[in-house]
Each structure stands twice: as C-alpha cells, then as structure tokens.
Amino acid sequence: MNKRLLWLMPLLLVLAVYLIPTPKKDAPDLYDGPDKRLINKLAKFREIPTRSINASGYDWPYLVLGSGPKTILFLHGMTGGYDFWWQQMAEFSHDYRVVSVTYPPVDNLPDLGRGIITILDKEKIDSTVVVGSSLGGYLTQYLLATYPKRVEKAVLGNTFPKNDILEEKNKSKIAVATWAPEWVVMNSLRQNLFDQVLPASENNPLAKAQLLENTYGRMSKAQFLARYDCVVDKFQPVDGKQTRVPLLIMESDNDPLVSPDLRAQLKQYYSTAQVHTFHHKGHFPYLNASDEYNAALRKFLTQ
C-alpha cells in the first residue's frame, strides 16, 4: 500500500467519525404520553406560517398571532425555539398580540438584542410585555437595561442575574464541545436531559418530546454554542431596586439548571419583583405546568 495513503487513512477515519450526522427525530415520534391530542395540537401549531427578517447577518424566524391592543414577546432559553411557547401563545392570542422568536447562532447579547428590536420595529411594536425563560430571562434583563422604553412589563422565568458562576462551572465542558462533533455534543445534551432535566420536570411526556427533539437536529451545535456565549456575556443591568417596570420572577424550587444561590441572587437584586414559585416543576414549567404558568402570567398581566 502506498505509504502516503497509509498515512492518510487515520485522518480520513477521524474525519468520517467527525462528520457522522446527527440523527433526525421529531417531537411527534418522540412523544410517549397517553394523550396524543396534546402532541397533535403542537403539530397543528407548527403548521401556522412563520415570518422571517434578516438582522446581524442572520435570518430570524418568528411567529406572530392575535391582534390585541397589547403585545407579549416570548423569549426561549438555550434549548428551544419559538414553538416552545405554543401553549402560552394559544392561550394569550385571544386577548393579546403574541410574538415568539427562534434565535439564530448569534453569540453576544448586543446582536441578540438588536435582532429582537428589529423584529419589534418591523411589526410596529413600540413597547411590549417581555416573557423570558432561562437565557430568555437573561436576555429580558438585557433588553430592560438597554431598551427600557420598549419593555412595558417583564417576566424573568427560571433565570439568573449577571454572574461568573455559570461560566466557571461550564468552561471545561464548553471547551470540549467546541471541538467535538455535533453528534457527540447532542448525545451529551441528551444524556443531561435524562439525568437531570426531565426527572425534575416530572418526566413530562410533552417536555421530553420537545426537549429531545432539539438534540435530534432541530437545534444545531452552532446555535447551542452561540446561546451559551450569550448566557455568559456580561452587561450592566438596571438598578433592580429603582426600576419602575413591573417585574415578575418565575422560579422552580427544584430547578436543576439554576442553583438556589443564583435564584436567591436574582430575587435579592430585583427586590421589588413579584415572585411565583413552582413546586417540583423543574426548569421548563411553561411546558409541563402550562395551566399554572398561564394563570400566574395572566394574573401579573391584569394587575
């Protein structure tokens, strides 16, 4: 065998392993709950055409429903997309204009914020209620600090204040993920879902189907890494004791992704905020406890 070809074989083998595609599976195929009507409602929701706009060099898909006099903007976390909020959008689109966005692989808060504002401008929305969860809750704090006139009320769901804890805790994992093949990264995320996230979310079949789907091709490695960069991006938040924007903190007492210390810091910083605590609902209560989530949100909106 040619020595040059022999030398190339290990390199080709590594390349072949690296390029193994992430298997594709959809939420309806992953759903194992007893009530198929629920997953059918999600499938029906996804048939509604989305819109798109270019900002920060990326296309931003988003959905607009309803035509009420006030608007609610829903912002998802590191894992997710516009359709993670489908139960809230279906509920509140009767009384409000509702908007939900899927983030492209934008790796910093200023570009992420500009993308959101570009969508609001396109839809002629001067101010809105912002409901964010996890990264979306952190982004909500950034919007409140950077575009205060655009935020009418704010919901900080299952989220954290500016901190160094998350970066310190995850930097070695992210360093590995940066170089690992996409299928390896998604396998690792999937295992974390089974080990921590899903048990804390009552092993809810809908949450399981939608979360797992993101590790089966609905979210790319580039999106995941960019969203992490946004989680650890730093900005100067508003004075949490002085802001006049009404705030609601939504938290779960068993959230596996936001530590008790970070939850306490968030409440201490935004000391004027109302607080709603979910008991044993995990990191995604808007998925697996949607009735309670919607009721708490409606109460806040109507005050």
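Which residue takes a positive phi in the hairpin of S1 and S2? In that hairpin, which has 2 residues between the strands, Ser-56 takes a positive phi near 55°.

## Basis of the description

This is a predicted model, in which local features need pLDDT of at least 70 and side-chain atom pairs count only at pLDDT 80 or more, while totals for chains, interfaces and linings use all residues. Residues are numbered from 1 along each chain as its sequence is written, and side-chain values use heavy atoms, with hydrogens and water left out.

The UniProt annotation "domain: AB hydrolase-1", from an unreviewed entry, covers residues 72-296; UniProt positions are given in the numbering used here, feature names are shortened, and annotations may be inferred rather than shown by experiment. Over residues 72-296 the chain is 50% helix and 15% strand, with the end C-alpha atoms 14 Å apart. Helices (H or I, at least four residues) and strands (E, at least two) are DSSP runs, numbered from the N terminus.

## The sheet

An open sheet is formed by 8 strands in the order S1-S2-S4-S3-S5-S6-S7-S8, and the pairing is mixed; two strands pair if DSSP finds at least two bridges between them. S1 and strand S8 (274-278) stand at the edges with a single partner strand each, so one side of each is left without a neighbour in the sheet. Direction ignored, neighbouring strands of this sheet are turned by 20° against each other on average, where axes are lines fitted to C-alpha atoms, for helices over the stretch in contact, and angles run from 0 to 180 degrees between N-to-C directions.

Strand S1 (residues 51-55) and strand S2 (residues 58-65) run antiparallel and are joined by 5 bridges, with Ile-53 standing opposite Trp-60 in S2. S2 also pairs in the antiparallel sense with strand S4 (residues 97-101), over 4 bridges, and there Leu-65 has Val-98 in S4 as its bridge partner. The pairing of S5 with strand S6 (residues 151-157), by contrast, is in the parallel sense over 6 bridges, and Val-131 has Val-155 in S6 as its bridge partner. Helix H11 lies across S6, S7 and S8, running at about 165° to S7, where contact means heavy atoms within 4.5 Å.

Rolling a probe the size of a water molecule over the atoms shows where empty space is left. On a 1 Å grid over the protein atoms alone, a cavity is a set of points where a 1.4 Å probe fits but cannot get out, and a pocket is an open set with protein on both sides within 12 Å along at least five of seven lines; lining residues have an atom within 4 Å of a point. Grid points are joined across faces, edges and corners, and a volume is the space filled by probe spheres set on the points.

By this rule there are 2 cavities of 30 Å³ or more. The largest cavity has a volume of about 40 Å³, and among the residues lining this cavity are Leu-156, Asn-158, Met-250 and Arg-263. Its lining divides into 4 nonpolar, 2 polar and 2 charged residues, where Ala, Val, Leu, Ile, Met, Phe, Trp, Tyr, Cys and Pro count as nonpolar, Asp, Glu, Lys and Arg as charged, and the others, Gly among them, as polar. The largest share of this lining, 3 residues, comes from S7.

The second largest cavity has a volume of about 30 Å³, and its lining is made up of 7 nonpolar, 1 polar and 1 charged residues. Helix H5 (109-122) and strand S5 (128-133) each supply at least two residues of this lining, and the largest share, 3 residues, comes from H5.

The largest pocket has a volume of about 820 Å³. Of the 31 residues that line this pocket, Asn-170, Leu-189, Asn-192, Phe-224 and Leu-257 are the closest to its centre. Helix H7 (165-179), helix H8 (182-200) and helix H10 (221-231) are the elements that give two or more residues to the lining, and H8 gives the most, with 8 residues. By class, the lining of the largest pocket has 20 nonpolar, 9 polar and 2 charged residues.

The second largest pocket holds about 300 Å³ of space. Its lining has 19 residues, of which Leu-38, Trp-86, Gln-87, Ser-290 and Asp-291 lie nearest its centre, and the largest share of this lining, 4 residues, comes from H4.
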